[in-house]
Protein chains: 2
Amino acid sequence: MDIREHFKDQAYYIDGVLDDCLAPLKESVLYAAMSYSLLSPGKRLRPALCLAVYESCTRDRERIKPVLAAIEMVHAYSIIQDDLPMMDNSDLRRGKPTTHKVHGADMALLASDALLTLAFAQLSSPAMLEAFGADRCLQAVQTMARLAGADGLVGGQAMDMITSSDEQVELGTIEYIHRNKTGALIQASVLLGGIFGCASDADMGRLNAFGENFGIAYQIVDDVADASETEEQTGKTAGQDVKNRKATYVSLLGLSGAKEKALQYLATARQAAVSLDIGGEFLISLVDLLAEKVRS
Amino acid sequence: MDIREHFKDQAYYIDGVLDDCLAPLKESVLYAAMSYSLLSPGKRLRPALCLAVYESCTRDRERIKPVLAAIEMVHAYSIIQDDLPMMDNSDLRRGKPTTHKVHGADMALLASDALLTLAFAQLSSPAMLEAFGADRCLQAVQTMARLAGADGLVGGQAMDMITSSDEQVELGTIEYIHRNKTGALIQASVLLGGIFGCASDADMGRLNAFGENFGIAYQIVDDVADASETEEQTGKTAGQDVKNRKATYVSLLGLSGAKEKALQYLATARQAAVSLDIGGEFLISLVDLLAEKVRS
């Protein structure tokens with residue numbers, strides 16, 4: 001199957017999973033804001049990465065559903081907060097008004113909290129315990145909590161806010177931001193696929209390296225897109241970085257320098273994927289797809 | 001030991017625990033805002049409840065430390081967000097400027113996220129796994145995630161926001177808010193004490209009933225205090241509820257009606273504590289202390 005087709009097939013499957021996992025909350029006052037964000041069309045890259053790794057080990061898709069949902073919930077939580085007036089103050093996301101524009105800042109914030117918390121509820125649910133045993137579920141909770149926290153996603157976001165109007169930011173700081181704000185959840189996604197797919201310790205190390213490097217590259221490509229594409233192409237308010245005088249790989253290294261950096265990170269990610277014992281065809285194809293985008 | 005002395009002794013112990021558990025993040029950009037909130041002097045009621053239940057079963061305080069910290073972290077997260085301009089917009093908490101007043105709304109929000117996430121990291125840490133085994137740790141994660149989420153703490157907060165300027169709110173709605181916004185985390189605290197202290201299923205049911213009823217009573221007493229005490233006494237901006245035209249037990253039932261309700265919930269909580277096989281002396285004393293406050 002072509003990688004684009006495979007990716008679409010996975011996103012379609014994941015959309016159904018998200019719907020199912022949020023359904024028990026239909027009566028909640030927070031359902032409207034939670035579903036507006038979580039079920040809004042998206043690429044589902046992070047759960048797709050988890051699913052791909054998991055399916056390299058085993059074919060039983062059913063059991064991994066709560067994990068796929070948990071990953072996208074953490075992503076949705078970070079997006080809602082990222083867009084808030086007190087943060088990036090964005091009106092548009094994926095071509096639609098942002099959650100706080102539709103549901104108000106208070107409900108948007110509480111929906112994000114509920115999504116983060118629900119992610120941990122998913123990973124520790126009785127169904128997960130029965131399917132995978134307590135040890136692996138707890139390892140997943142620990143991995144997600146570590147990578148989503150002050151030393152991961154939230155730490156990256158905090159550094160991003162602190163340096164947001166500082167044009168003198170060093171490359172190392174931007175790398176820290178990308179590694180954590182974007183890379184950490186991508187890392188968590190492949191690691192959770194490995195944990196529940198029973199990857200070996202050696203493969204867990206390779207998945208870690210893949211996630212880290214692919215994550216940074218993915219964010220650099222996003223910076224490149226912000227600098228060179230139109231609003232219609234990205235679905236977000238374009239040219240935000242320049243408008244916000246935000247230091248990025250592009251502002252520091254120029255467009256071609258940023259692209260070169262992205263290709264370096266992608267090469268490292270590819271190497272890690274190639275050496276996986278469980279097989280990394282999907283991950284390799286994804287790297288090649290992103291590299292193609294960079295070169296175009 | 002007198003209950004007040006015992007309570008102070010516990011708070012002192014918990015302060016040390018909080019310090020220890022946050023220390024690994026000293027280098028983080030979020031440490032200042034996280035510690036400002038978490039280490040700010042407080043009663044430490046919730047971890048004290050957990051510790052009391054745990055110590056009814058076993059005397060080994062060391063092992064439960066990450067759990068005590070996790071509970072106070074969730075409490076601190078909820079307080080930071082509660083005070084934000086987009087929520088209650090409070091300038092004062094425990095007699096000190098609120099976290100966003102000192103660290104800015106963006107850092108305050110991210111610190112709250114980091115605290116919530118760190119709570120789950122604490123409950124699933126390698127040290128916890130070694131001390132209690134994966135099954136009990138996972139049960140604790142599930143309990144906390146369920147009671148802190150859309151059907152618990154966050155759901156209560158959402159309902160509170162939705163009805164915040166509605167003077168026609170029904171008593172059932174206010175009860176829902178108190179049960180979730182305040183009660184759920186108190187419930188989680190005693191349940192976690194029971195989980196790690198190996199309480200029987202019957203006792204877990206009693207702890208659940210205690211937490212639920214004590215939690216609601218505790219919030220009613222807070223409403224009563226807001227209506228009748230000065231700022232100096234509560235450490236918070238007083239008279240907020242009336243100023244915000246907020247419906248409370250006091251606005252609906254009057255001061256004496258609200259007090260009577262509180263005493264009813266306390267009586268139910270006391271009954272549950274009395275019937276505990278593990279012994280509920282501390283919980284009973286706490287109920288009696290609160291009842292005394294209501295009657296004074």
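Residues are numbered from 1 along each chain as its sequence is written, chains are lettered from A and ligands numbered from 1 in the order in which they are written.

Confidence first. pLDDT is the predictor's confidence in each residue, on a scale from 0 to 100. Chain A has a mean pLDDT of 92, and 94% of its residues reach 70 or more. Where pLDDT is low, the predicted coordinates should not be read in detail. For the complex, the predictor gives an ipTM of 0.95 and a pTM of 0.95.

Now a helix. Helices here are DSSP runs of H or I with at least four residues, strands are runs of E with at least two, and both are numbered from the N terminus. Take α1 of chain A, residues 3-22. The expected span of a helix is 1.5 Å times one less than its number of residues. For the 20 residues of α1(A) that should be 28 Å, and the end C-alpha atoms are 28 Å apart, which agrees.

Which residues of α1(A) are buried? A residue is buried if 20 or more other C-beta atoms lie within 10 Å of its own, exposed if 12 or fewer, and partly exposed in between, with C-beta atoms placed from the backbone. The buried ones in α1(A) are Phe7(A), Gln10(A), Ile14(A), Val17(A), Leu18(A), Cys21(A) and Leu22(A). Seen down the axis of α1(A), they fall within an arc of 110° (taken from the directions from the helix axis to the C-beta atoms), so they line one face of the helix. An α-helix has 3.6 residues a turn, so residues three or four places apart point the same way. On the other side of α1(A), the exposed residues are Glu5(A), Asp9(A), Tyr12(A), Gly16(A) and Asp20(A). The buried residues of α1(A) pack against α2, α3, α4 and α5 of chain A, where contact means C-beta atoms, placed from the backbone, within 7 Å.

Next, the pair of chains. The contact takes 41 residues from chain A and 42 residues from chain B. On the chain B side, α5(B) gives the largest share, 12 residues.

Finally, two residues of chain B. Leu30(B) is in the loop between α1 and α2 of chain B. Leu30(B) counts as buried, with 26 C-beta neighbours inside 10 Å. Beyond its neighbours within four places in sequence, Leu30(B) is in contact with residues including Ala150(A) and Val154(A), and also Leu110(B). Leu171(B) belongs to helix α9 (residues 171-196) of chain B. With 12 C-beta neighbours inside 10 Å, Leu171(B) counts as exposed.

Notes: This is a predicted model: local features need pLDDT of at least 70, side-chain atom pairs count only at pLDDT 80 or more; totals for chains, interfaces and linings use all residues. Two residues are in contact if their C-beta atoms, placed from the backbone, lie within 7 Å.
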